[in-house]
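Me: I am new to this structure. Please take me through some of its strands and helices, one question at a time.

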Amino acid sequence: MKLSTAYNRYKDKWWALPLVLPFMLYPITQYLSTYGTVDGFEIPFFYLNMALTTILTVIYGFKALPGIILCIFYRVYPDRGLEPALMSILHYFTSVAICCAGYYYFTGKRGRASFGRYNLTWQRIFWLVVVNATLFLNYFHAELYLGLFGMNPSMVYVSPFTTRTLINYQGMLVGNIIGLPMLYLVIRSIRTPAYTLKYLKKIRHQVANDLRLPELTCLVGSLAVLTILMIAPLSHSLPLMNSIYTLTLLLPLMIWGTLRLGHAAISIVWWVLLIVLCSHIQRFIPHDAYYTLHLAVATSCFSAFSITITLMAINISRQRVLNLKTQRLMYIDPVVHLPNLLALEADLKQNTVSVLCQLYMPDLELLGRNYGLLMQVQYKQQLARYLEPVLDKDELIYMSSGHDLVMRICPLHAEKRIAEIYSKAKDFRFIRDGVKLYPQIGCSYCIINYPVGHLYLLIGELRTLAEISLTTNLPVDLRKQSSRQVQNQVKTKVDMMNQLQRALELDRFVLMVQPIESKKGDCYHEVLLRMRGNNDELIFPNTFLPLANEFGMSSSIDLWVLHNTMKFMDETRHSRPNHRYAINLTPASICRTDMANHIERLMIKHGISPAQLVLEVTEADELTNNLQAEKTLDALQRLGCKIAIDDFGTGYASYARLKTMRADILKIDGSFIHNINSSEMDYKIVQSICELARIKNMTLVAEFVETEDIRTTLYRMGIDYVQGYLIGKPAPIESLPATAIPGLPDTAVG
């Protein structure tokens, strides 16, 4: 342990690794570099020494200079003397210093990052490869021209504008392109052994997910066979393979490998192939009159292939990383930063049997109005972190739509664990502005098997069951009988919602009318609505209207009734003149800011007089505190429409509302009328309503009149109009007689 600590403490000192590594690696790079004789001069086909000095300077900066200087002096001085050794040091130092200075000027400290980074690729190719090789070669020729290398026959200056110089330059380019990342890997692995594992993980992440062993074997085998045929002795039976043109076969194979393996793996493969090919370059280069030209073509292929493979590999790896990030983002809720339902669906595929547990917090909606959306987000995040200790390592909390969190639980001891999770969730306290908030939490769960169908419908059912849990204070199991009833109710609601949507789209509603008659014989009709079901049966409004209110479709239905009633009035204005109709409007319609304008446009379109319409609104709590409802009713009255309060007596604070109510007609609910002759209480209630309505000068209508005795009693009490089966049953609007019916007098409904 002490030795490891000392190593980590002193390894980057100038007298430690920066001094030792040049002496360790220079012989290796010298051995791996390939040289050949061209026109009587020895030149490199693959030169790694320059890459070694460059990468040492990139990693260690000025700390690497003592080691590089001593190493070059040690390698050159014994063979060539003092002056050539000093010139070599100056030669290496000048080119490396300029290229590294320019490189770090544009990249900064991030320039020390590992190779394969897309944002550093062009700076590295330009400064560390092209500029480095160009300066190195030009300084070399300048020193030859000045004779600074002494009287060595191989160091005599000749014109640099030859094929030999081109081969030399391309050999240095290839050595830098391939040598820099490989030597970086070696030095980083020596400096930090854990980097090797990191590099192996990088290879694993960059390899295509769908790569299989047969494809990998085929790729490696093809490269191996082609390389062996190229470097085999010239005496084999396939002389065509001993040709520089065979190099072109390497490129498609390497591109295939680049697409499938990524930058980290293909760099090692290409490094090994280049070392092997350059070491045996004489095997596939014909020794004829065009030998120098063949060498130039071969080194050109090496440099072009190296740049192509490097750029393609980095781009492919970058694209693969971006795709992985995109996939990860797809599975994370962008606001709460928890796994979403797509992640849940993917995790369910990995498990044959799972238990879904849903936590439902309806009070978050109210708290969000007071504290903002950020409070809801923070509450879910902190609750998720609070529950993490109860979950196993492979169990996660997922963000559902609305105010829900979903957990996937292992089925072993699931009920006991869910009870523990629910208990812990109820103990959670969220602190906001110094105030502890703990909204109610409902819990439901179910066991599911893979494959999972209709996951989103299942989560909706679990939310409904979690609402039951709010009252029972216990987790609710989807498998229990009571839960099945809730499931059936949910399915029934969804089916009815689909029927409502279909009825709106295909006009499957039916308009019915029921007469409302006065003692004098005046009559107008209330428009009633029916819906055709899937089997063309008539469905009554008490079945579908509550669901229409729940799903927010009641306003659309009201507009349909208004439009089709006025259309019928327009089409029958000659056969049924002066007919008046009472149309019901739901609270949702009355609370719309544009409802009065919409009704006015419909009347203008169909040529309907406002005096022909009585708009009935339910006396309910929804209108009690809604200023917009009052504005809408006032606007409709100013248009000339009569406003009727329907089902009066069943709503909230009915008598109190009579003080401020500005309606024209008051319809007494049938529950007070049915037993008016046998119940003294009902009689007194109706009598009191009549007395108060007279003070407001309102017309009175009684519903549910089924006998002559009830009608006689109501007329005696001063009721203006009666409605019920005694007067007439609902019938299709088209069945109204095509005769003129006198309109109501102004003292009645219009």
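Reply: Two strands count as paired if DSSP finds at least two bridges between them. Keep in mind that this is a predicted model.

Me: Which residue in S8 is the bridge partner of Gln-358?
Reply: Begin with the strands. S3 and S8 are joined by eight bridges and run antiparallel. Within that pairing, the partner of Gln-358 in S8 is Ser-444.

Me: Which residue in S5 is the bridge partner of Gln-358?
Reply: S3 also pairs with strand S5, residues 404-409. Six bridges join these two strands, and they run antiparallel. In S5, Gln-358 has as its partner Val-406.

Me: Which residue in S9 does Ser-444 stand opposite?
Reply: Strand S8 covers residues 442-449. Two bridges join S8 to S9, and this pair runs parallel. In S9, the residue opposite Ser-444 is Val-476.

Me: In what order do the five strands of the open sheet stand?
Reply: Strands of a sheet pair through backbone hydrogen bonds, either parallel or antiparallel. In this sheet the pairing is mixed. S3 runs antiparallel to S8, while S8 runs parallel to S9. The order is S4-S5-S3-S8-S9.

Me: Which strands stand at the edges of the sheet?
Reply: An edge strand here has a single partner strand, so one side of it is left without a neighbour in the sheet. That holds for two strands, at residues 397-399 and 476-477. They are S4 and S9.

Me: How many of the eight residues of S3 are buried?
Reply: Buried means under 20% relative accessible area. Strand S3 spans residues 353-360 and is mostly covered. The number of its residues that are buried is seven.

Me: Is His-294 buried or exposed?
Reply: His-294 sits in helix H13, residues 291-330. Leaving aside its neighbours within four places in sequence, it is in contact with Ile-244, Ile-285, Pro-286 and Asp-288. The relative accessible area of His-294 is 14%. The cut-off is under 20%, so His-294 is buried.

Me: Is H10 roughly parallel or roughly antiparallel to H11?
Reply: Helix H10 holds residues 247-261, and helix H11 holds residues 263-279. They pack at an angle of about 160 degrees, with axes 8 Å apart. Angles over 145 count as roughly antiparallel. So H10 stands to H11 as roughly antiparallel.

Me: How many nonpolar residues are in the contact of H10 with H11?
Reply: From H10 come residues including Leu-247, Leu-250 and Met-254. H11 brings Ile-266, Val-269 and Trp-270, among others. By class, the contact has three polar and no charged residues, and its nonpolar count is ten.

Me: How many charged residues are in the contact of H7 with H8?
Reply: The axes of H7 (residues 163-191) and H8 (residues 194-206) come within 7 Å and cross at roughly 135 degrees. That makes H7 oblique to H8. Met-182, Tyr-184, Leu-185, Arg-188 and Ser-189 in H7 meet Tyr-195, Thr-196 and Tyr-199 in H8. Five residues of this contact are nonpolar and two are polar, and the charged count is one.

Definitions and conventions
Residues are numbered from 1 along each chain as its sequence is written. This is a predicted model: local features need pLDDT of at least 70, side-chain atom pairs count only at pLDDT 80 or more; totals for chains, interfaces and linings use all residues. Side-chain values use heavy atoms; hydrogens and water are left out. Axes are lines fitted to C-alpha atoms, for helices over the stretch in contact, and angles run from 0 to 180 degrees between N-to-C directions. Helices (H or I, at least four residues) and strands (E, at least two) are DSSP runs, numbered from the N terminus. Angles under 35 degrees count as roughly parallel, over 145 as roughly antiparallel, 65 to 115 as roughly perpendicular and the rest as oblique. Contact means heavy atoms within 4.5 Å. Ala, Val, Leu, Ile, Met, Phe, Trp, Tyr, Cys and Pro count as nonpolar, Asp, Glu, Lys and Arg as charged, and the others, Gly among them, as polar. Buried means under 20% relative accessible area, exposed over 50%, partly exposed in between (1.4 Å probe, protein chains only).
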